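Subject: Structure handover

Hello,

Here is the structure we discussed. Please open it before reading on.

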Amino acid sequence: MSSYRSAFRPGLFDGQVVIVTGGGSGIGRCTAHELASLGAKVALLGRNPDKLETVRAEIEGEGGEAACFPLDIREEPAVEAAVAAVLARFGRIDGLVNNAGGQFPAPLAAINQKGWEAVVRTNLTGGFLVARACFIQWMADHGGSIVNIVADMWNGMPGMGHSGAARAGMVNFTETAAFEWAGCAVRVNAVAPGWIASSGMDRYPPHMRDIIRGLAEHVPLGRLGLEAEVAAAITFLLSPAAAFISGTTLRVDGAAPNFKPHWPAAKGKPAPEWDAFPLASKPSVLGEG
Ligand SMILES: CCCCCCCCCCC/C=C/C(=O)SCCNC(=O)CCNC(=O)[C@H](O)C(C)(C)COP(=O)(O)OP(=O)(O)OC[C@H]1O[C@@H](n2cnc3c(N)ncnc32)[C@H](O)[C@@H]1OP(=O)(O)O
Ligand SMILES: NC(=O)C1=CN([C@@H]2O[C@H](COP(=O)(O)OP(=O)(O)OC[C@H]3O[C@@H](n4cnc5c(N)ncnc54)[C@H](OP(=O)(O)O)[C@@H]3O)[C@@H](O)[C@H]2O)C=CC1
């Protein structure tokens, strides 16, 4: 990571092991790089083994340590086996970044039971299963920190009803787990990204590109966020700087929910230090410039 400049001090996570689900792309990949650059050994979990392997090679090429554990987080036996495999490989689990997730955009009336359950299992059940396996297999006896990635869909979001419902559930799970697991020195928090220019945005269909580009006009800070800006929030919550923070949901959204339509957002603000994040995806959906 020769040109990468982290906001955190070198060695902050030396000796620690952190699981990052969805570590093969986007916010998960960026977070895995951030944590590895700070000394963590990173366990990369996701469905597509090729994506995980690419990120593992990137991290190890920069002198970090990572290993891949392909799985579908919706499958309980696979989750339990993967967490056991992480422990067999690295011997401990200090942190979990419950980041794997996603959805298809569709109005409520076009979502059938199978589609609803596919998204709820991806964004709620899967995160619960991974957190529970980490807690039972390691953190209950040794402590740890969990960060659940949800989404800034407060008050509902058209086309995202299934995902918004699941994310609301994940926020509540975060709050309950923070209480139940506090006695075991396990902190549980959530990060709610707003509209982030991640590689994930390229997974939406082409006809949505103009909508996605236009979202910046509804963000008081005048732009979409960067993967690295979400990774920094996650890293903070995992770190000792957040030792007395548990049960909270940290918004990373440029104040999007505070936008008032009668008051203009900042116009087309550039990301302040885009060039400081050479590893960040620059999704083609945003176009050049
Ligand atoms: C309309 C206006 C909306 C404006 C919104 C603008 C954009 C705002 C962005 C909001 C912020 C969030 C951003 C992100 O999350 S970025 C991350 C993006 N990454 C992803 O979303 C990951 C890709 N998605 C998926 O992998 C899948 O969606 C899923 C998570 C569900 C994976 O599940 P699975 O692989 O099991 O799913 P399948 O593809 O097999 O489908 C299962 C069933 O789901 C139903 N389905 C699927 N697609 C649709 C559709 N387009 N419409 C309706 N129903 C759908 C269907 O029942 C599928 O079963 P069948 O294939 O048998 O029919
Ligand atoms: N970008 C944005 O604006 C926002 C993103 N988010 C959330 O942030 C998280 C990261 O998204 P982002 O980086 O943008 O998008 P990506 O699509 O790049 O990342 C999603 C990751 O989740 C993994 N994943 C999805 N389903 C499963 C599953 N069932 N089992 C295991 N892994 C799975 C994917 O791996 P694979 O392809 O191998 O399945 C992929 O690496 C997601 O939860 C997303 O919904 C929330 C709000 C806004």
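Below are the confidence scores, then the surroundings of each ligand.

Confidence first. This is a predicted model. Its ipTM is 0.97 and its pTM is 0.95. Mean pLDDT for the protein chain is 93. A pLDDT of at least 70 is reached by 93% of the residues. As for the rest, coordinates with low pLDDT should not be read in detail.

Ligand 1

The shell around ligand 1 holds 23 residues. Gly 102, Phe 104, Gly 115, Gly 159 and Gly 200 come nearest. Which element gives the largest share of this shell? That is α4, with five residues. Both α4 and α6 (209-214) supply at least two residues each. By class, 13 residues are nonpolar, eight are polar and two are charged.

Ligand 2

Around ligand 2 there are 30 residues. The nearest are Gly 22, Gly 26, Arg 47, Gly 101 and Gly 200. The largest share comes from α1, with three residues. How do the residues of this shell divide by class, and how many are charged? Nine are nonpolar, 16 are polar and five are charged.

Points to look at on screen

Best regards

Terms used. Residues numbered from 1 in each chain as written. Chains lettered and ligands numbered in written order. Predicted model: local features only at pLDDT ≥ 70, side-chain atom pairs only at ≥ 80, totals over all residues. Near = placed C-beta within 6 Å. Helix = DSSP H or I, 4+ residues; strand = E, 2+ residues; numbered from the N terminus. Nonpolar A, V, L, I, M, F, W, Y, C, P; charged D, E, K, R; others polar. pLDDT = per-residue confidence, 0-100.
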